[in-house]
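Here are my notes for a first look. Please keep the structure open while reading.

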Amino acid sequence: MGVTEVGVRRGLRGGGGWEVGRSVGREVPLPLLLPPPLPLLAVHLRAGFALASAGAMNRFKVSKFRHTEARPPRREAWINDIRAGTASSYGNHIKSSCSLIAFNTDRPGTLGIVPLDCQGKNKRNVASLGCHSDLVTDFDFSPFDDHLLATGSADKMIKLWRLPTATANQDLPSAPGVVLGPEDFQVDVLKFHPTSDTVLVSASNKAVKVWDLALQHTLTEMATHGDQVQSVAWSSDGVLLGTSCKDKQLRIFDPRRKPAASQSTQGHENHKDSRLVWTNSQEHLLSTGLNQMREHEVKLWDTRCFSSALTSFTLNTSPGSLIPLLDADSGLLILGGKGENLIYCCEVSPQQATLSQVNQCVLETKCRGMALVPRRALAVLACEVLRVLQLSESAIVPVSYVVPRKSVEFHEDLFSDALGSVPAANGQAWWAGDNRQVQRVSLNPAHRPHASFTSCLVPTELASPAAAQLQEVPASDPDPSEGSFSSPPSSLTSPSTPSSLGRSLSSTSGIGTSSSQRSLQSLLGPSSKFRHAQGTVLHRDTHITNLKGLNLTTPGESDGFCANRLHVAVPLLSTGGQVAVLELQKPGRLPDTALPTLQNGVPVTDLTWDPFDLYRLAVAGEDARIRLWRVPPEGLQEVLTTPEAVLTGHTEKIYSLRFHPLASDVLASSSYDMSVRVWDIREGMEKIRLQGHRDQIFSMAWSPDGQFLATVCKDGKVRIFDPRRSPEPIQEGPGPEGGRGARVVWVCDGRCLLVSGFDSRSERQLLLYGAESLAGGPVAVLGLDVAPSTLLPHYDPDTGLVLLTGKGDTRVFVYELLPEVPFFLECNSFTSPDPHKGFAFLPKTECEVQQVEFARGLRLRQTSLEPVAFRLPRVRKEFFQDDVYPETAVCWEPALSAAAWLGGANGQHRRLNLQPPGMTPVSEAPREAPTRRTLPSSVYLEEKSDEQKKEELLSAMVAKLGNREDPLPQDSFEGVDEDEWD
């Protein structure tokens, strides 16, 4: 096997590099041409437009970058102490402007922000920007404004952020300047236009849209993609747009002419991640992908003959994506695979259709992402022609590519003029046909500074210190909630925009706001004080492990298990409808022997604890019976086969059980016989039967005052009953469109109903209804994601927060609910590494108030039960956070008896203050005045002794000798130039 009409040759002066391209020659055995030390497995080249004279000239042409060296820094120069994310996406996971670096963190929805020139003490100053409620899939800095960042996410939103010059945590914006979307699917790719500052392209599944950010609408949408779009790239002049797709096609569009592709061709043979980058001309572009052998492949294309690649070569086999980074001005191409520690540097020559290896660099860490630093930020006097930022698990490693030269001066042959920072046109001018190019500027330090540009898309006030000062509360109007702004955010999220908004139900929010909050909201938009909420799995010592034989097939209408502050009831898979009762006060490993259980005799469909009796458990079975069990105070020591009582009356198996929130011994049950029955447990009799349902009842919920019962049904209706007055519904309205399942819960002090369900496309969504106007439909609808399980809502009336998750999910959504626009305020969500089988919440009294814990949950896994604490970061934790903990209802004590409630009486719970003894409320805490640290004058006037001077001199000498970054004399030697041989 040989290569005909194609030359594969070693670099003449490159010291062991390789070059692939076109030349005329005889058939040569390929193994003789490839140098063994390099990891190239094969080279496949297609010759096109080849001339013998061109090949001969190119053979002896010498590159000015042939001596380029990769110089990885010492560990001291790394940006350490970061936690990079591991979630996969089509983005590079790290981007750089001339001032800032942004990267994906291990917290979904959060980006890390760090200055580009961070050195010494500042290199660990990493700030967290909470952008979205889900994974940030891609992001991009504006090529003109160093502090303008666009982000796209799995939450289907695109947001534009203005980052401050100083990236301290308290200076980061709490709300985006521009919000676009939601899209139909998650946003996969984002890319700013190279000549216009207000044009952005996005890819979401098969849809590619070009946006005018100033007008906040789409200019056009590209058509004809047969599968998910994996990469988009603008040509250097901003005229053409290239895409790579999962259908293995490469497409070229002229967006201003027509939405259809002007050219397309077969790209790479494997459908996995492929990427596109343009060279400095409109005629040539590079693509990376995988071939049928799952080998990394690089191809060079000519748009004038797009049917086949000019050249192509393959690298080593690897499961990770190959990231191409091309500096179009120098023609240097960086190739690095995710999960690898090897970086290739090649030189691309489109005119001769050649790819020549310059060097390869082995790093200490494995790559999770890579980015190029813009040319305007390079150290040109040190002959730095490229700088690559490698994102690893715990550090960002900057790798400089330097061309050794003898003199320390600006070398014009290495640094051609670079693109400036002033855009050539705005979005409307570009869309009208303006093809003006960005003015180039010299990189010579003597010609600096250059003209700067600040985009008007996002006002600079949003990121200025003045905006941060607005968060401080005047002494005349204290609001302790503002203290959370200075705490390190875990995942700051902006207010979500519901897909449809209705009228406001009330002129005031259900949550009180101060005048300082309202002034801040008028500037930044409304945001929740719980947006920094953090979910943390508690220490393993609190877990219950070695669970075996769990029943994971309970009906969708059931939560799967239930808990109170003492016990956890878990159905088991064994026959006989067995239920295990675990003691929360006795964590640890369960014995390998069988646990004592409650024997129901039939499969369990739902179960719930009596809120007023910690030892009574109600269990529903497929035999249409409700069994009431009493657990001994010392715990379940033996198998129980006889329940305390049995309620019979339903004719079909039971869906769900709900105890009354105020009256003791009152239980509601729903069944396949399409009825809801209300029981008096003390008498063991059915007292009320509700009718009107025409299909399966998905869920039911008592109102907070216990007067009304709401249901959501498979017939697409939401109903409200007054059980003591009529068996028919008093209100009825449209419910979720999907028939896969739904849940209902009362929110906003009983003024609203929240329904979680599915739309017609099986997307999970939240619907908010006014309790007094159910027939008018939902006042707000919020789309979330696509997943098979129904979201189970838990509403905290003290904070107005709703926490939602589904069986088999890995995420707990958190929203603050308001009865007025914007209705939903998005907060940081909790994400677990593996799916949970169920999630239950404990009473408010189980929260650790000293740690600002506002909710305590139990996460059921396949073999363990884990407590999860939801906390709010606060600075002054030594004070009681009374804005987070209003007086809570004593929901474990009944306010009425069953007879009194059935007789028409109403009541309410007494309230309890959660303030621990000895803690002062933060609203009464003294305000800390800012102090300026100054050294006493004695420090400056003190005369140093001879011993101190000697010690300082010795330390300076040691530091000088220990600086290994200083180059040796031989490092600056250079070979003789070609013209010096005369």
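1. Buried means under 20% relative accessible area, exposed over 50%, and partly exposed in between, with a 1.4 Å probe and protein chains only. Y885 is buried, at a relative accessible area of 3%. F880 is buried too, at 2%.

2. This is a predicted model: local features need pLDDT of at least 70, side-chain atom pairs count only at pLDDT 80 or more, and totals for chains, interfaces and linings use all residues. Residues are numbered from 1 along each chain as its sequence is written, and side-chain values use heavy atoms, leaving out hydrogens and water.

3. Rings of Phe, Tyr and Trp (its six-membered ring) pair if their centres lie within 6.5 Å; planes under 30 degrees apart are stacked, over 60 edge-to-face, the rest tilted. The count is 14 aromatic pairs. F854 and F870 have ring centres 6.5 Å apart and planes at 45°, so this pair is tilted. Both residues are buried. F880 and Y885 are stacked, with 5.7 Å between centres and 20° between planes.

4. Ring pairs also build a cluster of F530, F830, F839, F841, F854 and F870.

5. Strands (E, at least two residues) are DSSP runs, numbered from the N terminus. Two strands pair if DSSP finds at least two bridges between them. Strand β54 (residues 717-721) has four of its five residues buried, so the rest of the structure largely encloses it. Four bridges join β54 to β53 (residues 709-713), antiparallel. Four bridges also join β54 to β55 (residues 731-734), again antiparallel. I720 of β54 stands opposite A710 and opposite Q731 in β55.
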